[in-house]
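Open the model in your viewer and keep the sequence panel beside it. This tour tells you what to select at each stop.

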Amino acid sequence: MTYHNQDVTVIIPSLDPDDRLLTVVENVRKRGFTDIVLVNDGSATENLHYFEEAADRFGCAVLHHPENLGKGRALKTAFQWYLENRRSSLGCVTIDGDDQHHPDDIEACVNRMREDTDNSMILGVRDFDAENVPPKSRFGNRCTSFVFRTFCGLKVSDTQTGLRVFPNAIIPLMCEIDGERFEYETNMLLVCKNKKIPLVEQKIRTIYIDDNSSTHFRPIRDSLRVYGVIIRFFCSSILSFLIDNGIFNLMYALLKKQIGADPAVTAATVIARVISSLFNYTMNRKAVFKSDAPIRSTVFRYYILCAVQMMVSAGLVMLLSKLLGSGSFLVALIKIIVDTLLYFVSFRIQQNWVFRKQ
């Protein structure tokens with residue numbers, strides 16, 4: 001089926017573009033996309049003429065940031081403009097301005113949105129097994145996909161794709177998502193998962209130009225942003241872990257001779273978990289998940305999780321200590337292993353239930 005593409009807005013965030021930006025605009029116009037919005041994210045003066053030429057030659061709307069605010073902020077600026085000026089449109093598609101998205105793939109992703117009835121986000125996903133993929137890009141994507149699948153249950157094969165299609169119904173939500181730079185694109189996937197907005201994958205060509213030298217992704221700083229929630233949870237958990245195990249080992253050593261090994265494990269676990277959980281709850285609510293859910297409901301859910309996790313931890317430690325021995329050092333080691341396994345389970349439950357945003 002042939003569609004007319006004038007009812008879909010093309011959004012292109014750009015920082016210090018070159019001639020490829022004009023090539024991208026010209027190619028999408030040839031596919032019938034006449035409503036094109038460029039976001040100048042604080043480009044240098046010598047690069048501004050590309051935006052001016054795009055406006056003059058192709059009638060693009062151009063939005064300007066006086067300084068570089070990040071890709072996430074550029075996208076949100078465009079989404080807000082869209083809501084104020086294009087509410088009668090069908091939706092919008094975001095693409096990169098470096099000519100790494102083929103016009104046929106852009107149109108294919110938009111057509112998937114037209115055929116979809118669930119208000120899904122359409123993702124143009126690349127094949128990272130292709131021979132032309134730079135090794136650092138292949139490793140980075142596989143690592144990111146594995147981490148978010150393991151910790152967050154996010155089953156997306158290309159978490160950093162810039163080719164995404166948004167139907168009208170979900171665009172207001174996109175304006176509310178945290179993140180100003182590259183982490184914003186990951187955050188929107190996590191929010192869609194939590195809001196049960198389907199993520200539909202459309203295979204696209206894997207195009208890298210000059211070994212992806214044009215990317216503005218800063219490997220260390222932006223990776224820390226992309227993995228932000230996981231890193232914060234890890235730091236919060238490490239601090240809580242140190243508090244919990246320090247108190248556990250102290251109390252176990254004090255109580256073992258007085259009440260016996262098994263009761264000492266239970267008592268030490270309870271005392272340590274109460275103290276460390278108060279610290280952990282505060283850190284996770286305010287700094288990790290930044291939840292806006294009521295304190296009453298999050299506290300209730302958090303301590304239900306704590307109680308179950310505490311019983312599972314104590315039960316497994318007692319079981320394994322009976323099998324392997326009840327020496328203080330061995331029990332401490334067993335507890336470390338048990339709580340490490342429970343750590344992964346706890347992250348998923350806290351993210352999806354305890355601190356789920358309103």
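What covers the buried residues of α1? The cover includes β1 (8–14), β2 (36–41), α2 (48–58) and α4 (103–115). Bear in mind as you look that this is a predicted model.

**The whole chain**

Colour by secondary structure before zooming in. The protein chain holds 12 helices and 7 strands. It has 358 residues, and 49% of them are buried. Now take the contacts between residues at least 6 apart in sequence: 78% of these join residues at least 24 apart.

**Stop 1: helix α1**

Select residues 19–30, which form helix α1. Its end C-alpha atoms are 17 Å apart. The helix has 12 residues, so at 1.5 Å a residue it should span 16 Å, and the two values agree. Show side chains next. R20, L21, L22, V24, V25 and V28 are the buried residues of α1. An α-helix has 3.6 residues a turn, so residues three or four places apart point the same way.

Just after α1, G32 takes a positive phi of about 95°.

**Stop 2: helix α4**

Select α4, one of the elements that cover α1. This helix has 13 residues. From first C-alpha to last, α4 reaches 19 Å, close to the 18 Å expected at 1.5 Å a residue. Which residues of α4 are buried? They are P103, D105, I106, C109, V110, N111, M113 and R114. Display the surroundings of α4 too. The cover over its buried residues includes β1, α1, β4 (91–94), β5 (121–125), β6 (164–167) and β7 (199–203).

**Stop 3: salt bridges**

The count of salt bridges comes to 18. Start with D104 and R31. Their closest N and O atoms are 2.4 Å apart. D104 lies in helix α4 and R31 in the loop between α1 and β2, so this pair ties together parts that are 73 residues apart in sequence. Both partners are partly exposed: D104 has a relative accessible area of 33%, and R31 has 27%.

R205 is partly exposed, at 38% relative accessible area. Salt bridges that share partners join R31, D104, D105, E107 and R205 into one network.

Next, select D96 and K71. Their side chains meet in a salt bridge, at 3.2 Å from N to O. D96 sits in the loop between β4 and α4, and K71 in helix α3 (residues 71–85), so the pair ties together parts that are 25 residues apart in sequence. Is K71 buried or exposed? K71 is buried, because its relative accessible area of 17% falls under the 20% cut-off.

**Stop 4**

Centre on F300, which is in helix α11. F300 is exposed, because its relative accessible area of 55% is over the 50% cut-off.

**Stop 5: Q350**

Finish with Q350, found in helix α12 (residues 328–354). At 2% relative accessibility, Q350 counts as buried. What does Q350 touch, leaving aside residues up to four places away in sequence? Show F233, N280, N284, F289, Y302, L305, F355 and R356 to see those contacts.

Note on methods
Residues numbered from 1 in each chain as written. Predicted model: local features only at pLDDT ≥ 70, side-chain atom pairs only at ≥ 80, totals over all residues. Heavy atoms only, no water. Helix = DSSP H or I, 4+ residues; strand = E, 2+ residues; numbered from the N terminus. Expected span 1.5 Å × (residues − 1). Buried < 20%, exposed > 50% of the residue type's maximum accessible area, 1.4 Å probe, protein only. Contact = heavy atoms within 4.5 Å. Salt bridge = Lys/Arg side-chain N within 4 Å of Asp/Glu carboxyl O.
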